[in-house]
Protein chains: 2
Amino acid sequence: MLLSEFRLKGKEPIYKQIKNEIIRMIEEGFLIEGSKLPSTREVSELLKISRNSCIHAYELLEDKEYIQIVKGKGAFVSHKFKKKGSKWQVDWNEKISDFGKTAVDLDIVKNEAVTAKNMISFKSIAPDEKLFDLEEIKRNFLSSVSLHGEKLFNYGYAKGYKPLIDYLKIYMENKGVNLKEKDLLITNGFTEAFDIILSSLTTKGDAVICENPTHNTAIKLMKLHDLNIIGVDMEQGVINTLKLKEKLENNEVKLIYLIPSYHNPTGVVMPANMRKEIYELCNAYNVPIIEDGFNEELLYSSSHVSSIAALAGEDNSVIYAGSFSKILFPGIRVGWIVADRKLIDVLESIKRSRNIHNSVLDQAFLYEYLKNGDFEIYLKKARKYYRDKYKFAVKCAEKYLSCCKVYGDGGLHIFLELPHIYARRLLDEAMKNNVIFMPGDIFYVDDIKKDTFRLGFSRLEYNDIEKGFKIIEECIKKLQK
Amino acid sequence: MLLSEFRLKGKEPIYKQIKNEIIRMIEEGFLIEGSKLPSTREVSELLKISRNSCIHAYELLEDKEYIQIVKGKGAFVSHKFKKKGSKWQVDWNEKISDFGKTAVDLDIVKNEAVTAKNMISFKSIAPDEKLFDLEEIKRNFLSSVSLHGEKLFNYGYAKGYKPLIDYLKIYMENKGVNLKEKDLLITNGFTEAFDIILSSLTTKGDAVICENPTHNTAIKLMKLHDLNIIGVDMEQGVINTLKLKEKLENNEVKLIYLIPSYHNPTGVVMPANMRKEIYELCNAYNVPIIEDGFNEELLYSSSHVSSIAALAGEDNSVIYAGSFSKILFPGIRVGWIVADRKLIDVLESIKRSRNIHNSVLDQAFLYEYLKNGDFEIYLKKARKYYRDKYKFAVKCAEKYLSCCKVYGDGGLHIFLELPHIYARRLLDEAMKNNVIFMPGDIFYVDDIKKDTFRLGFSRLEYNDIEKGFKIIEECIKKLQK
């Protein structure tokens, strides 16, 4: 704080010493125009002097126009005292790296239309927070703090909170994943998982295969890593294996990225036999698989098939990126990676270099929540809740959007293909009528496909879903005229 | 789950249908050796059949050696059914990128000596968690959850939790920082802040100046970004400005990184006039400054001087990276960056691409804690606690380590220079006697200086500090013989 270096001398009155010191600091440029001075109370406490001396000093400073006292706000250095010499203004635009520019260009939050108030928004596929049980949350928080105390607030381990790691290992084993020679790392959700996987295995220009369309965040990260992104077209919402084989044959491919369950954006679940076929294809070309466990948790009681990581058995060829974020607590950003022990060791060091570790508190809280069985209860509720909404959305699509081709087996969204209409034209029209959705082109690696869009319904009420579909129908009709 | 795709047919007995389906899945490789089958209870619930049918099916499968039932653990696919064909083992070592390898090589947690139980450890400069008040923590958590509810658990904003941003802006203004045309971004501590700043402004090979020695994490990140690191030697624990001018003159420097308060590792506080001098020097060469606010919070009532960010006034030339981590709740990983609005906009997009945002819950909790004045109370306590420990450590250094040159003005550590002894030799000796500390070479950009070490005392009891210093003294004497 200002004046804390200052020492009072013997004779001169205290108010004068303070006044002179502040004048010196202003004139020498240690105190800049507009900067706030500490309150007289703070100064008197700091220097252990009477508050009146301070008030007097400040009054004199104001008289001499060194400072301005603004009622209720405090004392500020007067604008008379501009910093001497020319001001130093860095031209940041000119200094931003290509990476920084690309990050801004690919930031859909900044570049896509924004949801206004009162709009029916089909943009989001975030979970409906109404399903979260606050009482359970509080109980589990208190119990983790009571059990583990202050430790939860001090540094933890890059790999993650040990009890949570152990819990998730068993969780993965229960999904049929063989953990022999494998390990698990906690990450800040899927996004960080994918970013550090790419950092650990790829360098500029490497070829990576993905479904086309695919998760926009994955495309963004592959572009930010300057990779050669090879999209394989989907048919009926799943990857075309002949085309996949062709791409594997004709390129030196480093990795393949797949979302087998309730694919984003198509919503389709890849059937078991196709999972096996793709796995064997990748095996033949020795191209390891990054499996995005996206929404797998919602599968359970509907059309579940084993994850590719489970099909791999003792093989060490699949990097599984898991996250509850799409259904549970995305706000606390806890995801995980299961992969070969040697790879996890590298990922751990990268994680440490980027942000040391995930919040210990959040991990401990989540562990408590999972362990106590609250997650199982929640999942049952969430599965039914979203399945019902999905069914309703499909019914609405059949009723109002029969001109579109509809994809999706469940989950939190459906994907639609328009009859010779650009989705962005439809979006413009829909927004005029207070409906917003995600245009499909952002999910394509090549931006060519312009007639698709994604409707997320997870957080919408039934009547808004129906109303929204109706409005979209009207907009389509208008555009068809 | 296994069997959830399975539908019962009309006539055949149920146990037989289940048995045959599992045999098919095993033989076709959908179920791999060693993988766990769902419990008979789960299967009966899923298919809505009697549990006895399932038990019977499992018994028959065991008889035919398709599965093995392990008491108390469950049923597993028998080891007879190895996956067909050769196993797919990826050679990960061969696939790791140079970046990944460097991250492991520079990971001091992996490469430095590990603290064993019962050791007196001077390695850490983490805060002493005993100072954290659990009751305040619980109260603030509950109040933030009660106030904001489920929202805290859903997605938030990349820039951060708005009330916390606003709080920290005022906090920075109170430090004298002029926020005109500036903005604030929440990060996962200093580490992420520094990483995304480098991502936004530098590309491979760019020259960046730092103090030598400096924070090891910063060196690691600059190396991971493949930068040309130009260290400027310190004298008496602060940067030599003549040498700084020379480096600025002879290199095209992109950025300069400084830790002005309780420098890590030297512990020295850079005096106000030197801050101004360096600022003007950087201005002359138009080299923006990254100011590491490390431990600035501990300064307040001792020898406080304005941060460089405050000295800059309306200039947009300083990027300030703040964090409470060294004194408060490092486990929740909340730090921040104050910089020019245009730069923050880019950093926000990079932050979003890396991990979307910090935990909303942690930010809301921290905000509540700060807002309620608990932080001020804590800070007062913490400042006294660490100041007393620092004074004691200095006294011990004078008493036992008078052969060393001792640096440090306060904070959580002191830095020592040995008389012609390698610090790593001393460390080996000390560890034999159950004392561990941080060898100084890890803080140098060039690894040349081998006779320094850092002693962190924040979490040690007084008697252990004294005992540890005594042991180090004895080790030095032994090595001098």
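Two strands are said to pair if DSSP finds at least two bridges between them, where helices (H or I, at least four residues) and strands (E, at least two) are DSSP runs numbered from the N terminus. All views show a predicted model, in which local features need pLDDT of at least 70 and side-chain atom pairs count only at pLDDT 80 or more, whereas totals for chains, interfaces and linings use all residues. Residues are numbered from 1 along each chain as its sequence is written, chains are lettered from A and ligands numbered from 1 in the order in which they are written, and side-chain values use heavy atoms, with hydrogens and water left out.

**The hairpin of strand 1 and strand 2 of chain B.** Strand 1 (residues 67-70) and strand 2 (residues 74-77) of chain B run antiparallel and are joined by four bridges. Within this pairing, B:Q68 has B:F76 of strand 2 opposite to it. Three residues lie between the strands of the hairpin, and B:G72 takes a positive phi near 80° there.

**The open sheet of eight strands in chain B.** Reading across this sheet, the order of the strands is 4-11-10-9-8-5-6-7, and their pairing is mixed. Strand 4 (182-187) and strand 7 of chain B stand at the edges with a single partner strand each, so one side of each is left without a neighbour in the sheet. In a regular strand the side chains alternate between the two faces of the sheet.

Strand 5 (residues 207-212) and strand 6 (residues 228-235) of chain B pair in the parallel sense over six bridges, and B:N212 has B:D233 of strand 6 as its bridge partner. Together with helix 10 (residues 216-224) of chain B, these strands make a right-handed β-α-β unit; right-handed here means that, with the strands pointing away from the viewer, the path from the first strand over the helix to the second runs clockwise. On pairing with strand 7 (residues 238-239) of chain B, strand 6 of chain B makes two bridges in the antiparallel sense, with B:M234 opposite B:I239. The hairpin of strand 6 and strand 7 of chain B has two residues between the strands, and B:Q236 takes a positive phi near 55° in this hairpin.

**The open sheet of four strands in chain B.** The strands of this sheet follow the order 12-13-16-15, and the pairing is antiparallel. Because strand 12 (405-407) and strand 15 (438-439) of chain B stand at the edges, each with a single partner strand, one side of each is left without a neighbour in the sheet. Strand 12 of chain B is joined to strand 13 (residues 413-417) of chain B by three bridges, and the bridge partner of B:Y407 is B:F415 in strand 13 of chain B.

**A salt bridge within chain A, between A:K449 and A:E417.** The closest N and O atoms of this pair are 3.4 Å apart, a salt bridge being a side-chain nitrogen of Lys or Arg within 4 Å of a carboxyl oxygen of Asp or Glu. The pair links distant parts of the chain, 32 residues apart, with A:K449 in the loop between strand 15 (438-439) and strand 16 (452-456) of chain A, and A:E417 in strand 13 (residues 413-417) of chain A.

**The interface of chain B and chain A.** The contact (heavy atoms within 4.5 Å) takes 118 residues from chain B and 116 residues from chain A. The two chains bury about 10300 Å² between them, 58% of it on carbon and sulfur atoms, where buried area is the accessible area (1.4 Å probe) that two parts lose on being put together, summed over both. In chain B, the residues that lose the most area to chain A are B:W88, B:W92 and B:F153, together 9% of what that side buries. There are 10 salt bridges between chain B and chain A, and in the one that A:D107 forms with B:R352 the closest N and O atoms are 2.5 Å apart. Helix 14 (residues 341-355) of chain B gives the largest share, 11 residues, of the side of chain B that touches chain A.
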